[in-house]
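Thanks for coming. I have one structure to go through, and I will keep to what can be read from the coordinates.

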Amino acid sequence: MDKIYIENLEFIGNHGVFPEEKFLEQKFIISVEMSTSTRRAGCNDDLNYSTHYGFVSNDIEEVFYSKSFDLIEALAEKIAEKILINYHFVKSIKVTVKKPWAPIKKHFDYVAVEINRSKNKAYLSIGTNMGNKKENLNLAIEKINSLPNTKISKISSFIETEPFGDVVQDNFLNACLELETLSTAPELLDSLIQIEKEMGRVREIKWGPRLIDLDILLFNDEIHETDELAIPHPWMCEREFVLQPLSEIAPNFIHPLEKKTISTLKRLLEK
């Protein structure tokens with residue numbers, strides 16, 4: 001991945017947790033390292049295919065003076081968020097905020113925070129077998145697309161499938177989504193659980209009827225194994241109702257554990 005750097009922008013402002021920092025002006029030094037591809041811009045000598053560092057600098061300045069931040073950690077987060085949202089070609093960013101006049105009674109050059117943030121691609125499975133199933137899926141899609149810094153980029157066809165497990169119940173309506181988000185995988189999971197609660201899902205019977213079911217299948221090529229979160233979804237390769245719609249929107253995505261494409265996993269399951 002190529003890089004665009006802006007080094008050591010200097011601003012004078014009033015960021016800090018102590019009362020005196022709110023009125024005594026201090027120096028702050030901000031740098032950003034943006035991961036992108038400069039190939040098309042370089043081959044065509046065309047700014048339309050690049051990221052204008054003058055505009056980026058102006059956006060950093062706008063965030064810097066937007067409010068008095070207690071923590072430079074919060075300032076760095078807002079800078080990263082704004083650049084990732086505003087600039088399509090920037091895939092990830094490193095932000096460094098230095099504070100050379102920090103209230104420390106010792107000799108030092110500066111204190112600083114450095115953060116790395118990125119645009120994340122996630123694939124979700126959504127399903128329902130209660131009430132108006134199509135309306136349930138459409139409402140869930142609307143709520144997911146309304147999450148902060150999250151945008152759905154692809155929606156599969158809705159497919160009707162037989163229920164999984166031994167519980168007698170109605171057929172399911174299932175689909176898969178591709179989305180881009182600035183949230184981490186655990187943050188996205190928390191948001192999906194909240195949407196399920198808002199829509200009225202009650203978790204009572206394992207494999208039982210559900211008003212809405214929202215699962216993270218894949219998150220970039222990351223592997224998560226905690227009590228709360230398992231990514232890739234541990235049963236996705238065994239479920240046709242997942243692989244069929246997922247192969248429609250991400251046939252060439254490589255499963256990070258199986259090392260096979262989604263379309264290949266679907267073919268293997270169908271044998």
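Let me start with a term: I will say that two residues are in contact, or pack against each other, when they have heavy atoms within 4.5 Å. What you are looking at is a predicted model.

With that term in hand, take helix H3, residues 72–86. Its buried residues pack against E2, H2, E3 and E4. Which residues of H3 are buried? They are Ile72, Leu75, Ala76, Ile79, Ala80, Ile83 and Leu84. These residues cover an arc of only 155 degrees around the axis, so they sit on the same side of H3. At 1.5 Å a residue, its 15 residues should span 21 Å, and the C-alpha atoms at its ends are 21 Å apart, which agrees.

Now the core that H3 belongs to. The largest nonpolar core has 27 residues. The members touching the most other members are Val32, Met34, Ile60, Ile79, Ile83, Val95 and Val97. At least two residues each come from strand E1 (2–13), strand E2 (26–36), helix H2 (53–64), helix H3, strand E3 (92–99) and strand E4 (111–118). H3 contributes the most, with 7 residues.

Val95 shows how these elements meet. What does Val95 touch, leaving aside its neighbours within four places in sequence? The list is Ser31, Val32, Ala76, Ile79, Ala80, Val113, Glu114 and Ile115. Apart from this core lies another one, of 25 residues, including Leu137, Ala175, Leu188 and Leu189.

Next, the aromatic residues. A search of the whole structure gives 5 aromatic pairs. In one of them, Phe28 and Phe64 are edge-to-face, at 5.4 Å centre to centre and with 65 degrees between the planes. That pair links distant parts of the chain, since Phe28 is in strand E2 and Phe64 is in helix H2, 36 residues apart. Both Phe28 and Phe64 are buried. Phe64 also pairs edge-to-face with Tyr65, at 4.8 Å centre to centre and 85 degrees between the planes. Tyr65 has a relative accessible area of 47%, so it is partly exposed. Ring pairs join Phe11, Phe28, Phe64 and Tyr65 into a cluster.

The buried ones are Phe241, Val242, Leu243, Pro245, Leu246, Ser247 and Ile249. Their cover includes strand E5 (120–128), strand E6 (150–155), strand E7 (159–161), strand E8 (172–181), strand E9 (213–219) and helix H7 (262–270).

A few backbone details are worth checking in any model. Most residues other than glycine have a negative phi, and most peptide bonds are trans. The peptide bond from Ile231 to Pro232 is cis, with omega near 0 degrees. Pro232 is in the loop between strand E11 (230–231) and H6. Asn149 has a positive phi, near 55 degrees, and lies in the loop between helix H4 (133–145) and E6. Asn220 also has a positive phi, about 50 degrees, and belongs to the loop between E9 and strand E10 (224–225). As for cover, Asn149 is partly exposed at 29% relative accessible area, whereas Asn220 is buried at 18%. The cut-off for buried is under 20%.

Then the surface. Lys105 is in the loop between E3 and E4, and its relative accessibility of 88% is why it counts as exposed. From Lys105 to Lys271 is 166 residues in sequence and 71 Å in space, C-alpha to C-alpha.

Last, the overall numbers. The chain has 271 residues, 44% of them buried, and its secondary structure comes to 7 helices and 11 strands. The C-alpha trace spans about 70 × 50 × 30 Å along its principal axes. Among contacts with a separation of 6 or more, 64% are between residues 24 or more positions apart. The accessible surface is about 15300 Å², with 49% belonging to carbon and sulfur atoms.

Key. Residues are numbered from 1 along each chain as its sequence is written. This is a predicted model: local features need pLDDT of at least 70, side-chain atom pairs count only at pLDDT 80 or more; totals for chains, interfaces and linings use all residues. Side-chain values use heavy atoms; hydrogens and water are left out. A nonpolar core is a set of buried Ala, Val, Leu, Ile, Met, Phe, Trp, Tyr and Cys residues joined through side-chain atoms within 4.5 Å. Buried means under 20% relative accessible area, exposed over 50%, partly exposed in between (1.4 Å probe, protein chains only). Helices (H or I, at least four residues) and strands (E, at least two) are DSSP runs, numbered from the N terminus. The expected span of a helix is 1.5 Å times one less than its number of residues. The arc is that of the directions from the helix axis to the C-beta atoms. Accessible areas come from the Shrake-Rupley method with a 1.4 Å probe; for residues, only the protein chains shown count as cover. Rings of Phe, Tyr and Trp (its six-membered ring) pair if their centres lie within 6.5 Å; planes under 30 degrees apart count as stacked, over 60 as edge-to-face and the rest as tilted.
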